[in-house]
Each structure stands twice: as structure tokens, then as C-alpha cells.
Amino acid sequence: MKRTLFIIKITFTLLVLALAIFPVILSSHPWPEASRDYLYEHALTDTGAVNTVSSIYLGYRAMDTLGETLVLLVSITGTMGILINLGRESEEEEAVSFSLAPEKRPTNAQRTHLLEVVSSKLGPVVLLFGFYVMLYGHISPGGGFQGGVIVASAIVFLALGTETQTKLTNTNVLGRIEALSFLVLIVAATSGVFFESGFFGNPIKSGSSLSANFIILLNIIIGLKVGTSIAVMCIAMMGGRRGH
Amino acid sequence: MTILLLFMILALGCFALLSRDLLHSVIALSALSMLSALMFTILRAPDVAITEAAVGAGVSTIIFVWAIRHTRRRSKD
Amino acid sequence: MVIERILIFLLALIGFTAIVGAKNIIKKVFGLNILNAAVVLLYILEGSRIGDQAPILGKGVTNMVDPVPQALMLTAIVIGVCVTALALALAVRLYKATGSLEIDTINERLRSEH
């Protein structure tokens, strides 16, 4: 009896949802072309970026990028706050930094060294590729977010290897880089106010040959922020605490 | 081509939700992200394809595997 | 044209059914992820109808695709993974507090503790 009631409730919800979405499927209204034509003519002279998608989210609508960076910061802070306290029994234990060094990882018996050897050799290559995607975001497909996530995967590769336990995979250092890059992002955003372009505007005059540098700077900042914050979360999820 | 990819995406989604072993579902979700990235490339959206491939097949899978490791791997329904 | 929209609509419906009807919390998070993927696919599909070249200005580009939905979906994908991470952290916290992942058992145990 409970089961049939449950199925009836689910079917009813689905029918209501289908009724709400169905007009989208049957409509044949043509997609408007005004924005595409405007961007085709004016994107290069207004912002200096050849990649029109980059010119939208870093030039015309940079406020959305600021909001998204804020959402990323808040959600990863929340996740780390829950993660750190998962194994804690009392209030006196400290929340320590995480590390994936092989002698501190929670191990099972009978491991091979395949993972550590291969990933420590692949890590620098992926890191270089991530920086390439980040820096060439205004000419070819890519940009801050894409390069940042690739840099995060590269840092996880480096942290899993044996020979590459450097400062780059230390979670304290990564956390400081993340906080610093958010500060630099805010400073870069307010610098437009002093050069009469409004908040988050391009401080360099549009039309000159240097006006793409602002987009490159924003790409680097966003890439560093996204990359280091996701890397800290992944290392914390995969590794053990210091002292376990 | 897009219709074939959409059928495969639909099949992977159904498999992910009906399987009793959660690790199999996580791998099906990762494959779903990869097929989505392929479809974005066909539909002429290279930025979205790079983002979906890096995020869906990389970070999202790590998070799911962590969650399964700290809870149970089998589900009852 | 219409077939692709119907298939994406079915994918969204599957995701929504999982959020509402699944008994395991982690399957609900799977459904959230699938719903996110369906919405992103719909936007990019609709935006790609008016052209046939990638939206990067170059020498031979005359008929490019609409770049506005792509810029919106970049933000949507990143926010989707943030929401998934936080939802899974909360699910693991619930498991540590009650010992089970099914919502009926969690309801009973939480009610009996108060």
C-alpha cells in the first residue's frame, strides 16, 4: 500500500513537470541572431580578445565571473570545514594539514610502486599544459577555469608521486596562494574605477595594442585561484592527516 | 551523430541510477561526462568541451569516490 | 531537431526522478549531476543552430555559432561541481552521525535520538 502510494506520487510529479517543460519542445521560434552579429563586429575592438566567449565572461560581463569565484570560495571552504572535523573525536585535537607522502598515506598491504613512479613523471607535463591553456585563453579555446582545473589535476599527480613532495604540494602553501590570488582579483577589479572605466572595466584604453593584457592578467589570477583551491580539496579528500 | 550520442548518454544515465554497486554508477557518470564533452565538440563549443572534460571526468569522479570510500559501497535499492 | 530535444527532456526527467524518488542519498546526488548535464546540453544544442563554425574570430570565419549560451554554461558547470562537492560532504557527515545512507533509516534514527 505504501509502495503504490509512493509510485503514484512520483508519477504525478513527473506529469506536472512534463507539462511545464513540454512547450519548449514543440516551439519552433527561431533563435535570435542579434547578439552573435554584434559580437562578430565589436568583440575585438571593445575588449581585445579574439575568443568571443572569453570576451563575454571577462569583458562585457565580468561581474558574473566575480560572483562565480565567490561561490567557489564559499563552497570549498564549507567542504573543507566538514572534512577536517570528520575524524575528530573531541575539541582538543587540532585540525592539521594534509599530505599525500607515501609514508604517511593510509596503506593496505601489497602495494606496487606503479602509481607513484608513473604519476610523478606525468605531473610536470600536465602542469605545463595547464599553464599553456590558461595563458592563451584569449586567442584559442581555453581560459582561466579550464587551465585552473588542469593545474589542479597536475598538482594531484605530483602529490601522489614519491620524488615530487615539494612546496607545491604542501597544503599550507596552496591555501596561501589561493587567498592571495583572491585579494589580487579584487584589487584588479577596483583598478578600473581609477581609470574611468567603471568597476571591473579595462584600465587600458580599448583599441590600443596592449588592451588584451588585462584579460591575460584576469585569466592568470582566476586560474591560480581555481587550481589551488580544487587541489587542496582533492589532496584533503585522498590523503591522510599528519600523524595518523 | 548527436542522436546516437544522446541515446548512449541516456542509457548510461539509466544504468547509473539502477545499479546496486555505487562504484559502477560513478564510472558510468564519468563516461557520461566524457560523451557530453564529445557532443560539445561536435556542436562547435570548444570552451565548454574542455571544461566539461576536465571537471566531469577529473574532479567530480574524485569527489564521488571519496564519498563512497567513507560510506558504504553497496546500496539497498 | 525535435528528437534531440525530446531525448534531452527525458534525461532531465530521469535526473529529477532520481532526486525525488531514490532512497539512497548518494543516488540523489547522482540525479542532481545528471539534471545539471541535461540543462547544459539543452542550452548548447539550441545555441548551435544558427551557425556552423566555432566562435573564435579568425580569417575564414563568417558564420559562427552563438557564443552567449556557451559563456553562461561555463559558469553553470563550475557551480554544479561546487554544489556536488558540498552535498557529498553533507552526506558523509550524515552517515557518520546515524550510520546509514537510506533516508527512512536516517529519519527514524534522528527522531529517536531527540
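In chain C of this predicted model, C:Arg5 and C:Glu46 form a salt bridge, with their closest N and O atoms 2.8 Å apart; the term stands for a side-chain nitrogen of Lys or Arg within 4 Å of a carboxyl oxygen of Asp or Glu. C:Arg5 belongs to helix H1 (residues 2-21) and C:Glu46 to helix H2 (residues 25-47), so the pair ties together parts that are 41 residues apart in sequence. Helices here are DSSP runs of H or I with at least four residues, numbered from the N terminus. C:Arg5 is buried at 7% relative accessibility, and C:Glu46 is buried as well, at 13%. Buried means under 20% relative accessible area, exposed over 50% and partly exposed in between, with a 1.4 Å probe and protein chains only.

C:Glu46 also meets C:Arg49 in a salt bridge, at 3.7 Å from N to O. C:Arg49 is partly exposed, with a relative accessibility of 31%.

Turning to chain A, salt bridges with shared partners join A:Glu33, A:Arg36 and A:Asp37 into one network. Within it, the closest N and O atoms of A:Glu33 and A:Arg36 are 3.2 Å apart. A:Glu33 is partly exposed, at 37% relative accessible area, while A:Arg36 is buried, at 7%. Over all chains, the structure holds seven salt bridges.

Local features need pLDDT of at least 70, side-chain atom pairs count only at pLDDT 80 or more, totals for chains, interfaces and linings use all residues, and side-chain values use heavy atoms, with hydrogens and water left out.

Definitions and conventions:
Residues are numbered from 1 along each chain as its sequence is written. Chains are lettered from A and ligands numbered from 1 in the order in which they are written. Helices (H or I, at least four residues) and strands (E, at least two) are DSSP runs, numbered from the N terminus.
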